[in-house]
Amino acid sequence: MKIQRRFTKPGIDPLDEVQWERRESVIREPDGTVVFEMRDLEVPSDWSQVATDILAQKYFRKAGVPQPDGSLGRETSARQVVRRLAGCWTDWGRRYKYFDTDEDAAAFDAEISHMLIHQMAAPNSPQWFNTGLAYAYGITGPSQGHYYVDPDTKELVRAKDSYTHPQPHACLPGHAIIDTPNGPISIGEIVGKNLVGLEVFDRDGVTKVLAVKNNGVKTVLRVNLELDKYIEATADHVVLVANPNGGSIWKTVAELKPGDKLYRRFDAEIVRVLHFLGSQDESNPIAASVLPQMERAAGNRLATLAKPALFEVEVISIETVSDQVVFDIQTASNTFLTNSVVVHNCFIQSVDDDLVNDNGIMDLWVREARLFKYGSGTGTNFSNLRAEGEKLSGGGTSSGLMSFLRVGDRAAGAIKSGGTTRRAAKMVILDVDHPDIEKFINWKVEEEKKVAALIAAGYPSSYEGEAYSTVSGQNSNNSVRIPDKFVDAVRNDASW
C-alpha cells in the first residue's frame with residue numbers, strides 16, 4: 001500500500017505536537033463516597049473530562065505495564081494507548097508486507113496516531129482493550145480457546161495465548177451467496193444496499209434481515225464439501241453440524257474437520273436453479289424447455305416447501321483463501337443459508353433445552369464468556385428452554401427459563417466486557433408465545449423494587465453499587481420477539 005500523508009510530516013512525531021496536561025478521574029456516589037479514582041494521568045488538554053474518564057476507567061490496561069521504576073502497573077497516559085494501537089497495526093503491516101516501503105509504514109503510523117489522539121477516528125471497544133498488549137508490553141496470558149489463521153503457514157491453529165492474535169469477528173466475504181425466495185444475492189450487495197427487511201431462507205423456512213454490517217478485512221477460509229459444494233467464511237463463523245449421537249450442534253469453522261456433516265436445503269437449491277434458468281434468454285432451448293416443467297413441479301419458485309428439505313453434506317477439506325473484506329447480517333431467526341448451507345448469525349448464539357451437553361445451557365455460558373472476555377457482545381433467543389413447572393424426561397419438573405437467565409446474567413456480570421467496569425454486551429430474546437413471557441417482561445421491574453428497598457436501607461444507589469450488584473437482570477438488554485402473524489392479528493383485531 002502507498003500511504004499519503006494528510007495531517008503529518010516526515011520526521012515529526014504527531015504526539016509531540018499535542019498540548020498535554022495532567023488530570024484526575026474520580027467517580028463519586030451521591031453521598032461523596034469515591035468508587036473510582038485515578039490521579040496524575042496524561043491526556044491532551046483539549047479532551048473533555050468525559051473522554052478522560054472513559055480512557056481512565058475503561059480503556060487503560062490495569063496491570064502488567066512496565067513502569068519507569070522497573071515495576072509493573074497500569075497505563076497512565078493517552079500516549080501509551082495510542083502507541084500500542086497504532087504501533088501494533090503498523091507492526092502487523094510491516095511483518096506481512098502490506099506497505100510498499102518503510103516510508104509508507106511510517107506514514108501510516110503517524111497518520112493513525114494523529115487521528116486517534118485528535119479524536120478524528122477510533123476503533124471499537126475490543127480494540128482499545130486488547131490490541132497491542134503483546135506488541136507493546138509483552139502481555140500474553142493463557143489460551144482462551146480461540147483460533148486464528150497463521151499468516152506465515154496459512155494454517156488454522158488454536159491461539160497459544162490471549163493477546164498475540166486478538167479475536168476476529170465472524171462473517172462472510174462479499175461474494176458469498178445468500179439464498180432468498182427471489183433467488184440468490186451476495187451478502188456484499190445486501191450490506192451495500194442496506195437491505196434491512198429482505199426475506200431470506202433460514203433453517204426452518206423464511207426469515208428477515210434485521211441488520212447489516214461491514215466488518216473490514218479478515219482472513220477467509222473455504223470449507224470444501226462433497227458434490228463440489230463449498231462455503232467461505234471467517235474462522236469464527238458458526239455452522240450447523242450433524243451430531244453423531246443424534247440431532248445437530250453448532251460449530252465454528254475453526255472447529256470443523258473432514259468427515260463432519262453440514263446441512264443444506266435442497267429446496268433452496270431448486271429456487272436457485274429456477275432463478276438461473278429464468279434469467280436466461282428465452283431463445284435458450286434448455287431454458288425454454290426445462291423451466292416450465294420445473295416450475296410446474298416446484299409450484300412457484302418464490303414459494304418455499306411446507307417443510308424445508310435438509311440433507312447432510314460432508315466436509316472434504318478446509319483451506320485458507322485470502323484476506324478479504326467481509327460482511328455480517330443479522331436475521332430474525334438467527335440463521336440463514338449461504339450456498340444453500342445452514343449457518344448462524346455472527347455472535348448470535350443458539351441454545352438447546354439441555355443442561356450440560358454441547359450447545360446446551362451450561363455450554364452457552366462458556367461460549368459467551370469467550371466473547372465477553374475480549375469486549376465483544378453476544379445474544380441468544382432462549383425460547384427453546386422449558387418454562388417453570390414443565391415436565392422433564394427423567395421425571396420431575398423444570399426449574400424454568402428464568403432460573404437459567406439469572407445464572408447467565410450473573411456470569412456476564414462477573415466477566416463484564418474486556419475485564420473492566422463496562423457491563424457485558426448481552427442480548428436476551430424471548431418469543432412472545434413462551435409460557436414464561438410475563439415473568440420475563442416483569443423481570444427487571446421486580447428487581448428494581450428490590451433495589452429501591454436496598455437503597456432505602458442505606459445502600460449506595462450507583463449502578464456499580466451494592467444495591468444493583470445484589471439483584472439480577474442488570475447485565476442484559478431484554479427483547480420480546482413478536483412474529484408478523486401477531487402484528488397482523490393486532491391490525492385486523494383478530495385472535496392469535
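Arg386 is located in the loop that links β20 to α10 (401–415), where helices (H or I, at least four residues) and strands (E, at least two) are DSSP runs numbered from the N terminus. The model is a predicted one, in which local features need pLDDT of at least 70 and side-chain atom pairs count only at pLDDT 80 or more, while totals for chains, interfaces and linings use all residues. Residues are numbered from 1 along each chain as its sequence is written, and side-chain values use heavy atoms, with hydrogens and water left out.

With a relative accessible area of 24%, Arg386 is partly exposed; buried stands for under 20% relative accessible area, exposed for over 50%, and partly exposed for values in between (1.4 Å probe, protein chains only). The C-alpha atom of Arg386 is separated by 6.0 Å from that of Leu401, 15 residues apart along the chain. Apart from neighbours within four places in sequence, Arg386 is in contact (heavy atoms within 4.5 Å) with Asp353, Lys391, Leu392, Ser393, Ser398, Gly400, Leu401 and His434.

Strand β20 (residues 378–381) pairs with β21 in the parallel sense over 4 bridges; pairing requires that DSSP finds at least two bridges between two strands. Within this pair, Thr380 has Val428 of β21 as its bridge partner. Strand β21 (residues 426–431) is also joined by 6 bridges to strand β22 (residues 476–481), and β21 and β22 run parallel. Here Leu430 is bridged to Val480 in β22. Of the 6 residues of β21, 5 are buried, and the strand is mostly covered.

An antiparallel arrangement is found for strand β17 (residues 335–338) and β18, which are joined by 4 bridges. Leu337 is placed opposite Val342 of β18. The two strands, β17 and β18, form a hairpin with 2 residues between them, and Asn339 in the turn has a positive phi of about 55 degrees. Strand β18 (residues 341–344) is covered on both faces, with Val341 and Val343 buried on one side and Val342 and His344 buried on the other.

Helix α1 (residues 49–59) has 8 of its 11 residues buried, so the helix is largely enclosed by the rest of the structure. These buried residues are Ala51, Thr52, Asp53, Leu55, Ala56, Gln57, Lys58 and Tyr59. Their cover includes β1 (20–28), β2, α2 and α4 (125–130). Glu42, in strand β2 (residues 34–44), counts as buried because its relative accessibility is 13%. Residues up to four places away in sequence not counted, Glu42 touches Trp20, Glu21, Arg22, Thr76, Ser77, Ala78 and Arg79.

Ala78 also takes part in the packing of α2 against α3, in which Ala78, Val82, Leu85, Ala86, Gly87, Trp89, Thr90 and Arg94 of α2 meet Asp102, Ala105, Ala106, Phe108, Asp109, Ile112, Ser113, Leu116 and Ile117 of α3. By class, the contact of α2 with α3 has 11 nonpolar, 3 polar and 3 charged residues. The axes of helix α2 (residues 78–95) and helix α3 (residues 102–117) come within 9 Å and cross at roughly 150 degrees. The helices α2 and α3 are therefore roughly antiparallel to each other, a description applied to angles over 145 degrees.

Over the whole protein, the secondary structure comes to 13 helices and 22 strands. Of the 496 residues, 45% count as buried. Among contacts with a separation of 6 or more, 62% are accounted for by residues 24 or more positions apart.

Technical notes. Axes are lines fitted to C-alpha atoms, for helices over the stretch in contact, and angles run from 0 to 180 degrees between N-to-C directions. Angles under 35 degrees count as roughly parallel, over 145 as roughly antiparallel, 65 to 115 as roughly perpendicular and the rest as oblique. Ala, Val, Leu, Ile, Met, Phe, Trp, Tyr, Cys and Pro count as nonpolar, Asp, Glu, Lys and Arg as charged, and the others, Gly among them, as polar.
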